[in-house]
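This briefing covers a single protein chain.

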Amino acid sequence: MANLWIATFIWAFSFPLIGHYIAGVVDSYFAVLFRSSVAFLIFLPFLNLSLNLSLKLKLLAIGALQIGLMSIFYYHSFLYLSVSEVALFTIFTPFYLSLIYDLISKKFKKLYLISIALCIFGTFVIKFESWNFNSLYGFVLVQMANICFGAAQALYKITCENIGSYKGYFGYFYLGAVLVSSCSFIIFGDTQLLPKEPKSWIILLYLGAISSGLGYYLWNSGAIRVDSGVLAIMNNAIIPIAICVNAIFWGIDFEPIKMVIGGFLIILALLLQNKFKTMYNI
């Protein structure tokens, strides 16, 4: 549990750093590639070459999904949404995690759809008067990132909860992300938007070594030590912390009244989800 909390506080600073200093300044495909490569190099010395091929391929695929594809959608969303909006819209991740985990486990819970709908409504309340194409497109990008992150967590938990999580695994995890981000940068990257200032390189190094390298290692190693319900709830812990960090260090960029009303509906959705878990005897 401690690993999850440490990762949460680390990631809380990633939202504003990406939103204020990377998005729109540095090519997002390069940012994801650089971040993944730094994390891979950190864990390369611990790479366990004796793992069976099946486990290696699974870890490669999970890393490609959780860091590679997720980060591409996530970085692009900052071009259309504010930092606080991106943080807020990650509220859906626990639902995707629960639903995908249930589907894989063949224990689908229909009542969860009610809490998902309420959560979506609460989010729309916050942006009701200012929804436009950019807002909608940004929202969709965050949801794609959420689905990738939630699905990868479910797959990692199912794959590793019976065998543990060790440093020797994570080289493959990050290698999967490097492969996806490399292909994306080669095909879609803009070499005119490579980092030009030392500040950009320093932030990218932080995102690669601390946010990606340490953060994902702590999060995934913690994920296999708790049940899926606790893991789903912890996915939401980062949201208020990230919004507070952004408000304290970079200024508030959301409307408090709408945030309170929408936040109340979202909290109500979470309470309903916990109620449904009780009904399902989880």
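Leaving out residues up to four places away in sequence, Gln143 touches Phe89, Phe92 and Tyr96. Gln143 sits in helix H8. The model is predicted. Its protein chain has 12 helices and 0 strands.

**Helix H8: Gln143 and Val140**

- Gln143 has a relative accessible area of 8%. The cut-off for buried is under 20%, so Gln143 counts as buried.
- Helix H8 spans residues 133–160 and also holds Val140.
- Val140 has a relative accessible area of 40%. That value lies between the 20% and 50% cut-offs, so Val140 is classed as partly exposed.
- Val140 belongs to a nonpolar surface patch with Leu136, Met144 and Ile147.
- Together, the four patch residues have about 300 Å² of accessible area.

**Overall fold**

- In sequence order, the pattern of the protein chain reads α-α-α-α-α-α-α-α-α-α-α-α.
- The protein chain has 282 residues, and 55% of them count as buried.
- Consider contacts in the protein chain with a separation of 6 or more: 91% of them join residues 24 or more positions apart.

**Leu59 in helix H4**

- Leu59 lies in helix H4, which covers residues 53–77.
- Is Leu59 buried or exposed? Its relative accessibility is 0%, so Leu59 counts as buried.
- Beyond residues up to four places away in sequence, Leu59 touches Leu51, Tyr156, Cys160, Tyr169, Tyr172 and Phe173.
- One of these contacts, Phe173, is 114 residues from Leu59 in sequence. The C-alpha atoms of Leu59 and Phe173 are 4.9 Å apart.

**Ala177 in helix H9**

- Ala177 is part of helix H9, residues 167–188.
- Ala177 is buried, with a relative accessible area of 0%.
- Apart from neighbours within four places in sequence, Ala177 is in contact with Ser36, Gly63, Ala64, Ile67 and Gly68.
- Which separation along the chain divides Ala177 from Ser36? The two are 141 residues apart, yet their C-alpha atoms are separated by 6.0 Å.

- How many cavities of 30 Å³ or more does a search of the whole structure find? The search finds 1.
- The largest cavity has a volume of about 300 Å³.
- The lining of the largest cavity consists of 19 residues. Closest to its centre are Trp11, Phe15, Met70, Tyr74 and Phe149.
- Several helices each supply at least two lining residues: helix H1 (2–12), helix H2 (14–22), H4, H8, helix H10 (198–223) and helix H11 (228–250).
- Which helix gives the largest share of the lining? H8 does, with 4 residues.

**Points to keep in view**

- Helix H8 carries the buried Gln143 and the partly exposed Val140.
- Helix H8 also contributes to the lining of the largest cavity.
- Helix H4 holds the buried Leu59 and supplies at least two residues of the cavity lining.

Notes:
Residues numbered from 1 in each chain as written. Predicted model: local features only at pLDDT ≥ 70, side-chain atom pairs only at ≥ 80, totals over all residues. Heavy atoms only, no water. Patch = residues over 30% accessible without salt bridge, like charges linked within 9 Å, V, L, I, M, F, W, Y side chains within 5 Å. Areas by Shrake-Rupley, 256 points an atom, 1.4 Å probe, with all protein chains shown as cover. Salt bridge = Lys/Arg side-chain N within 4 Å of Asp/Glu carboxyl O. Buried < 20%, exposed > 50% of the residue type's maximum accessible area, 1.4 Å probe, protein only. Contact = heavy atoms within 4.5 Å. 1 Å grid on protein atoms, 1.4 Å probe; cavity = no way out; pocket = protein on both sides within 12 Å on 5 of 7 lines; lining within 4 Å. Points joined across faces, edges and corners; volume = space filled by probe spheres on them.
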